[in-house]
Amino acid sequence: MTDPTYTLHFDAEECTKDNIDLVGGKNASLGELMDIGEDVQVPPGFAVTTDFYEAFLDEQGLREYITDRLSEIDVDDEGTAAEASEDIRKRIKDVAFPDFLVEELEESWDRLQSDVSASDLRVAVRSSATAEDLPDSSFAGQQDTYLNVRDVESILQRTKACMASLFTTRAIVYREENGFDHDEVLISVGIQKMVDARTSGVMFTLNPANGDMSKVRIEANWGLGESVVSGRVTPDSFLVDKPVYKIVDRDIQQKGMMITPTDNGIEEATVEDDKQDVPSLTANEIIDLTDLAKSIEKYYGEPQDIEWAIEEQDDDTQVFILQSRPETAWKQEDGQQSTDSEPDASNAANQVLDNL
C-alpha cells in the first residue's frame, strides 16, 4: 500500500487523467493542459488531494456521520436531501483540519509563493470532484469556487467549504437520481494563482448553437470571468471560422458591469463609460484565442468548453487558460471532423480586422 499524497503541484506528470481519482477532473485537466505546449499558459497552483479529504473524514470521524445522514434521504422527497445537505455541510465546516494536514497545506502554499515570487499572492480556490468535467457526466458547477483568496488561513477555510460543497442538495440529488455511490465520488481542491484579468470569458471549440465543428465561439467581458460564467452579463460574442480566422458573426454588448477583485474577495463594478460599447477583445487576441482553442481541441481529440483570461502588464498581454472540459451539449458523430487547415499567417490578422 502506497503512502497517501496530500498535495500535488500542477504539472504534466502529477496532475493528469491517470490521477483523476487523486486530483479530480478539473485539476487533472489543468495538469494535462501544461503538456500541450508553450503557447498554452496555465497559472501555477497545487491540488489538495482526495487523500487529504479522506484523511480529514477519517481523523475527525465524519465518514460514518455522513453515511448515516445520507441513508435517511427519501429520493421522492427533495426536502430530506436539503435537510441532510445542511447538516452535513455544517458538520464539515465546524470541524478543524488535523494539524498534519494543515502543515501539509501550508508547505504547499509556501512553495507556491516562492515559485511565483509573490509575497501578496492571490489565488482561486476551486472544487475538483472525481466525477467532474468528465465526458459522460454533468457534475460541472455543482461544487463551490472562491476567488481572490489572499492568506493561508482563508485558504484553509475555503478548502473546507469546497469539500463541504460535495454535499449540496443539487449534488446529493444528482447522485441519487443517477446511481452514483456517495462514498465513491470524492473531492480534491485546486489552489491556483489568480490572473489579474483585463478581459475574461469562455470559448467553445464548436458552434454551441448547432454543433458546427468548423467554428469557435468566443464570449468575453471586462474583468474576471465570473461575470460570464455565472450568466450575470450578456457578453461580447464572436463566432470565428477556424480555417480562415474570419468572424462570421459578432455581437458587441453594452457592457455596464464587470467583476473585480477586492481586499475581501470579489465585487461587481461599473465599467468605465468609454469602454462599455467597445469590443473587449482585439483582433490579435481573437486570433490567439482561436489558435489556443484549436490546439486544445486537437490535444483532447474532442470539442472543448474552455475558460480563459487575458492579463495586461504595460504594453504586454498574456492569455491564460483556466480550465478546459469536454463540451457535452453536442456529441461528435462518427466520421465528423473539425475543419483544421492552416491559413496563410499574413492574412489571418487582416481577416479578423476586416470583421471587427
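**Glycine 25.** I began with glycine 25, which counts as buried at 5% relative accessibility, where buried means under 20% relative accessible area, exposed over 50% and partly exposed in between, with a 1.4 Å probe and protein chains only. Glycine 25 lies in helix α1 (residues 20-33); helices (H or I, at least four residues) and strands (E, at least two) are DSSP runs, numbered from the N terminus. I also looked up cysteine 15, which is 10 residues from glycine 25 along the chain, and their C-alpha atoms are separated by 9.5 Å.

**Basis of the entries.** This is a predicted model, in which local features need pLDDT of at least 70 and side-chain atom pairs count only at pLDDT 80 or more, while totals for chains, interfaces and linings use all residues. Residues are numbered from 1 along each chain as its sequence is written, and side-chain values use heavy atoms, with hydrogens and water left out.

**Cores.** I next looked up the nonpolar cores, each a set of buried Ala, Val, Leu, Ile, Met, Phe, Trp, Tyr and Cys residues joined through side-chain atoms within 4.5 Å. The largest has 45 residues, and Val123, Met163 and Phe167 have the most contacts inside it. Helix α6 (residues 152-164) gives the most to this core, with 6 residues. Apart from it lies another core, of 30 residues, including Phe10, Leu22, Ile218 and Val240. For valine 123 I left aside the neighbours within four places in sequence and found contacts with, among them, Trp109, Leu112, Tyr146, Asn148, Ile155, Ile191 and Met194, contact meaning heavy atoms within 4.5 Å.

Asparagine 148, which is not a glycine, has a positive phi of about 60 degrees; it lies in strand β4 (residues 145-149) and counts as buried at 3% relative accessibility. Tyrosine 245 likewise has a positive phi of about 60 degrees without being a glycine; its place is in the loop between β8 (236-241) and β9 (246-251), and tyrosine 245 counts as buried at 3% relative accessibility.

At the start of α2, I found a side-chain oxygen of threonine 49 within 3.2 Å of the backbone nitrogen of aspartate 51. Within α2 (residues 50-59), the buried residues are Thr50, Phe52, Tyr53, Ala55, Phe56 and Leu57, and the helix is followed by glycine 61, with a positive phi near 65 degrees. In helix α7 (residues 169-178), I listed Ala171, Ile172, Val173, Tyr174 and Arg175 as buried, and their cover includes α3 and α4 (78-94).

**Cavity.** I last looked for cavities, a cavity being a set of points on a 1 Å grid over the protein atoms alone where a 1.4 Å probe fits but cannot get out, with lining residues having an atom within 4 Å of a point. The count comes to 1 cavity of 30 Å³ or more, and the largest cavity has a volume of about 90 Å³, a volume being the space filled by probe spheres set on points joined across faces, edges and corners. Its lining consists of Tyr53, Leu57, Arg63, Ile66, Thr67, Phe167, His182, Asp183, Val185 and Leu186. The elements that give two or more residues to this lining are α2 and α3 (62-70), and α3 gives the most, with 3 residues.

Note on methods:
A polar contact is a pair of N or O atoms within 3.5 Å; within protein, one must be able to donate a hydrogen and the other to accept it, and residues adjacent in sequence count only if both atoms are side-chain atoms. On a 1 Å grid over the protein atoms alone, a cavity is a set of points where a 1.4 Å probe fits but cannot get out, and a pocket is an open set with protein on both sides within 12 Å along at least five of seven lines; lining residues have an atom within 4 Å of a point.
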